[in-house]
Amino acid sequence: MTQIQLARVLTVAGSDSGGGAGIQADLKTVTSLGCYGSSAVTALTAQNTMGVQGVHGCPAGFVQQQMESVLTDIGTDAIKTGMLFSREIVEVVANQISQFGVKNVVVDPVMVATSGDTLLASEAVNAVIKFLLPLATVLTPNVPEAEVLCAALRELKKSEAGKAETTPGTSGTDIADNSAGKIESVADMRAAARFLHSAGAQSVLIKGGHLPLKADATTHTSEVGVRTVRLVSSAKSDPTGLSVVDVLFDGAEFVEFWKPFVNTSNTHGTGCTLSAAIAAYLASGKSVVEAVEGGLIYVSNAISTSISIGKGHGPLNHLHLMKPALAPATKANFVSMLKNSCVSEWDQYIDHKFVRGLADGTLDTESFKYYIRQDYIYLLHYARGYALAAFKEQTMDGIAQAAQIALGIVREATDVHVKYCESWGISHKELIATKEATANMSYTRFFLEKGMSGDRLDLYVAMAPCLIGYGEIGLKLMNDPNTKREGNPYWAWIQNYGEADFQAAVQAGEELLERLYEETVPVSNTVRLEQLCENFRQATLLEVKFWDMGLNREL
């Protein structure tokens, strides 16, 4: 029997009978992210998408017994807390975390359900601040929760200051109140994060879903000491231009995560899902920033592929990362299914060391020159791929479209790319004389073989990681304020793939994939879907090898 070591996550939270939030959402999230999930139930709720019809709290002693049962046998690499219901339960949970020395603790201060129903007794708020926040690796309040916590913390600080005044040699007049009252801006979110951090949490993430903004990461001006990250997910930009920003503070640096606002009512369990995802990533060895970024992308994709169930606030799609054959058959967003079938491989591709070297300008210039010489050969075969696609098309319009793309690639290779290589001191004669590297040969013959032996969709899927991935990389690097611009020899390359023309080509390519999938693959044919996802995964790995080839100048 094969022994598989999984990262372990214990969720201590309430049960949602509707399945969209609470421990049900947590366990789905943890499982889909490749971890082993266990649970300690703090309360039972009678709940659906319309609201909470009833709550039955568990005795604090029984919550302790559940946690002890899990921690003395299975153990855990992270704990996520959600709905804790009462002061007594808060204290028990804090004692168990301390007793067992759990290092990764994500505290989601669940107070009110999406429907507006109260889930935490008011007297328990102070207990959360006193006992749980000092143990928290990450605290994850939304805007209303942050306002409640800040108000309670302010009163606690005033109370402690008053007591200090009666102690000889102390003064209670200097109360640090960096908190926002009403949180209405990103600056208020930063102030609230800083104030809550003073209560002992290692990092504070203020979630901005309740506060969509007109600005975006490309136009917003951050303050000194604030890092901006533009999240790349399958979520489409809101037609009103709204964005959501989540603010993370670790005591030294602010990180703002920007993403498109998704206008949907299917947001039930969003907070539970995010905190569970962050816990899963921490349990797997990610840093806090990496875990938060990964969790936010997971949630954004889960919202953008959400499920319309019930009459009220529907749940997220927690299974969007799972293999398509194991998920409900759907024709929605085929491109997202392809990418989600190989998340690890896709991350290796778009965040490769070669790509990071392009972003900060530290990539060895000889490696880059080797890469662009090989890219000339790749473009030759890429044009052949679209010529083959024209042969496979069944209509005049389809033939014309594929042929035009092939001709466009030829013009790119013989004009633009040749001139670009000349700017790097590589002559046309040297380009033609370049010997094809093994990684180049493996990749191009792979997609040509898929086109020869399969149909149009096989061919387009096998070539898709190049188009979609370069578009994602270009857009990500061009919009990331940390990307070096002045004096970066690779900035022109980044701009080429991040600007509107190439992004339009990416959109057209994705629309073609969606249309062909819709036309040629029946919903019930999950075997075909798995085959296409595997082709996409293999092509993505060959893209990784292509970066390796350039980085190491491998022949």
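## Salt bridges

A salt bridge is a side-chain nitrogen of Lys or Arg within 4 Å of a carboxyl oxygen of Asp or Glu. The structure is a predicted model, in which local features need pLDDT of at least 70 and side-chain atom pairs count only at pLDDT 80 or more, while totals for chains, interfaces and linings use all residues. Residues are numbered from 1 along each chain as its sequence is written, and side-chain values use heavy atoms, with hydrogens and water left out.

The whole structure holds 17 salt bridges. One of them joins K182 to E147, with the closest N and O atoms 3.8 Å apart. K182 lies in the loop between helix 5 (143–165) and helix 6 (186–197), and E147 in helix 5, so the pair ties together parts 35 residues apart in sequence. Helices (H or I, at least four residues) are DSSP runs, numbered from the N terminus. K182 is exposed, with a relative accessible area of 56%, whereas E147 is buried at 17%. Buried means under 20% relative accessible area, exposed over 50%, and partly exposed in between (1.4 Å probe, protein chains only).

R537 and E345 also form a salt bridge (3.3 Å, N to O). This pair links helix 19 (residues 526–552), which holds R537, with helix 10 (residues 343–350), which holds E345, 192 residues apart.

## Nonpolar core

A nonpolar core is a set of buried Ala, Val, Leu, Ile, Met, Phe, Trp, Tyr and Cys residues joined through side-chain atoms within 4.5 Å. The largest has 73 residues, of which F334, F368 and W493 touch the most other members. Helix 16 (residues 456–479) gives the most to this core, with 14 residues.

Methods. Helices (H or I, at least four residues) and strands (E, at least two) are DSSP runs, numbered from the N terminus.
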